[in-house]
Amino acid sequence: MQRFRGIAASPGVAYGPAYLVDRRRLTTPQQHISSELVPREIERLRAAVYEADQQLERIKAKLEARDGDEHHGILDAYQLILHDDRILEAAERKIALEQINAEWAVRRAVEDLKVVFDEIADEYFRGRLTDVEFVSDRILRNLLGRAETTTIPPGCVIVAHDISPADAALLWRTGAVAFATDAGGIASHTAIMARSLQVPAIVGLDRLSEIVGIGDVVVVDGTTGEVILDPPPRLLAEYETRRRRDALASLALLAERHLPAQTLDGRRMTLYANIELPEEMGSALAHGAEGIGLFRTEFLFMNRPDLPTEDEHLFHAAAAIERLAGRPATFRTFDLGADKVALTFDVGPQKNPALGLRSMRLCLREPALLRTQLRGLLRASPLGPMQILFPMISGIEELRAARAVLDEARESLAREGQAVAEVRLGVMIEMPSAAIIADLIARECDFLSIGTNDLIQFSLAVDRASEQVSYLYDPLHPAILRMLRSVVEAGHAAGKPVCVCGEVAGDPLLALLLLGMDVDELSMNAAAIPRVKRVLRAWRASEAKELVAEVMRADTSTAVQAILRART
């Protein structure tokens, strides 16, 4: 028996015989050609790209026949990459200028693009390189005449160096029960797809695919991030027991998804979902989300050399609102800048991108970008309840400047005769400065949304991505708890509701503290909603208030943890 540790990408336990999928680099023939053969090679390349496009269309058709259009967004992104000038035109130029064959030209174009991605520090955007490689792999296979197959024995665990979201969807449809890959990150499209499909998955396993053989029994624990190769029968029986127990518990939780998140003494909380991509909408609703509390719109800027148009913002917002069927949707204006937009914007070198030109700061320097997005969102507002959320607001001046762009967008649409419904405006409290003046901010918006992930990081001066100091990232730090309570009190004093979004909201114990602080709404990863709801329904709000009062007297996070263990 061998154990391997990776990144838990999608929770749950599954096991089965391993099925290896080789998605690593194909052997690429490298040939210099005569000038007379250049047109032929360019035509071969265009034919391979066309065929790849048709293959993706066929995949979408197969998935739509089973699941509707829930996964279209990722496959649409693949098709955008497929026609990106950085690959196609770059490869054609290499064929013409360097007089090399199409396969070699594609490989060289992707290698050039890798250099750009290697300079991006942000994990989410670095994960997009994998998507580029999958698209180029599909082109190369077409050039080489190597057909791919996604037919596997049902009940298999897919082990690979990496797999594409398109392949993940088809492999799941064929009968895969889990994914384990050497490469990938928590924010990769494949990880997002796995969570959407609710398939246990672990990424970042380094060299697992070089060790596992076809047919080896593999256990994938997507909750802990552990893979076990060739477990003894006793351990396998334990995992089977856990798998059945988890399945029954999940069914019981999902059976309660239509029940309100109401405490025993009648206090009602609203539970929303945070989503990154439209494909997660189905999972959010299936887990009982009462709406979308945080729709991150950065996906519209991904995998493309140009900027999204106003009509694109309208289209995606309208699709989301219609899917929610009367439930509210909160769209956060794009949080881009510095490393996150290295392929689209030129903001110059920055020593600390997280604290540099990004998010609302970028929007206010380039107001046309924000205006385009806001016009698109406002045009979709008559379709259903909509809220707009401004991120990374540090003070009143920024809020007023951003609101002026919103007012300008609304007025310009009115002059054009376009209908615009009432839209509530919120501000994300994710900077210490905003938390301290939350009373002032609350006077000039309709609601507050506490972004705990960044608020904790900035308040404790901790880089969550740093292995050396990540242990200091502590939501139970007394300063964080006091700050949360202070913001809630400031919002309520102004008569404005307060939402908490981020990992804190999805932790059942922390959700109890937020209940005791009188937080109105929680927004979290969709999979966390049923468990948080069950805990809230088992408590009284009065008990949660008593818990908060006791916790607030603690002087360390260790003391806070001890109180929570004793009381829950």
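This dialogue goes through several features of a predicted model, taking the general idea before the case.

User: How is a strand read here, and which strands does strand 10 pair with in the parallel sense?

Analyst: Helices (H or I, at least four residues) and strands (E, at least two) are DSSP runs, numbered from the N terminus. Two strands pair if DSSP finds at least two bridges between them. Strand 10 runs parallel to strand 17 (residues 521–525), with 5 bridges joining them. Thr270 has Glu521 as its bridge partner in strand 17. Strand 10 also pairs in the parallel sense with strand 11 (residues 292–296), over 3 bridges. There, Ile275 is partnered with Phe295 of strand 11.

User: Which strand runs antiparallel to strand 10?

Analyst: Strand 9 (residues 261–262) does, through 2 bridges. Ala261 is bridged to Met269 of strand 10. Strands 9 and 10 form a hairpin with 5 residues between them, and Gly266 in the turn has a positive phi of about 90 degrees.

User: Is strand 10 largely enclosed or open?

Analyst: The term to apply is buried, meaning under 20% relative accessible area; exposed is over 50%, and partly exposed lies in between (1.4 Å probe, protein chains only). In strand 10 (residues 268–275), 7 of the 8 residues are buried, so the strand is largely enclosed by the rest of the structure.

User: How is a salt bridge read, and how many are there?

Analyst: Side chains of opposite charge can pair when their charged atoms come close. The rule used is a side-chain nitrogen of Lys or Arg within 4 Å of a carboxyl oxygen of Asp or Glu. The count comes to 28 salt bridges. One of them joins Arg44 and Glu103, at 2.7 Å from N to O. Arg44 is in helix 1 (residues 38–67) and Glu103 in helix 4 (residues 102–118), so this pair ties together parts 59 residues apart in sequence. Arg44 is partly exposed at 26% relative accessibility, whereas Glu103 is buried at 5%.

User: Which residues are linked in a network of salt bridges?

Analyst: Glu310, Asp311, Arg375, Arg379 and Glu416 are linked in this way. Glu310 is buried at 17% relative accessibility, and Arg375 is buried at 12%.

User: What is found at the two ends of helix 20, and how many of its residues are buried?

Analyst: At the N-terminal end, Asp507 caps the helix: a side-chain oxygen lies 3.0 Å from the backbone nitrogen of Leu509. Just after the helix, Asp518 takes a positive phi of about 70 degrees. Among the buried residues are Leu510, Leu513 and Gly516.

User: How are aromatic pairs read, and how many are found?

Analyst: Rings of Phe, Tyr and Trp (its six-membered ring) pair if their centres lie within 6.5 Å; planes under 30 degrees apart count as stacked, over 60 as edge-to-face and the rest as tilted. The search of the whole structure finds 1 aromatic pair. The ring centres of Phe295 and Phe331 are 5.3 Å apart and the planes are at 20 degrees, so the pair is stacked. Phe295 lies in strand 11 and Phe331 in strand 12 (residues 329–332), so the pair ties together parts 36 residues apart in sequence. Both Phe295 and Phe331 are buried.

User: How many disulfides are there?

Analyst: A disulfide is a covalent bond between the sulfur atoms of two cysteines. With the rule of a pair of cysteine sulfur atoms within 2.5 Å, the count comes to 0 disulfides. Cys156 is buried at 3% relative accessibility, and Cys445 is buried at 2%.

Terms used
Residues numbered from 1 in each chain as written. Predicted model: local features only at pLDDT ≥ 70, side-chain atom pairs only at ≥ 80, totals over all residues. Heavy atoms only, no water. Polar contact = N/O pair within 3.5 Å; in protein donor to acceptor, adjacent residues only side chain to side chain.
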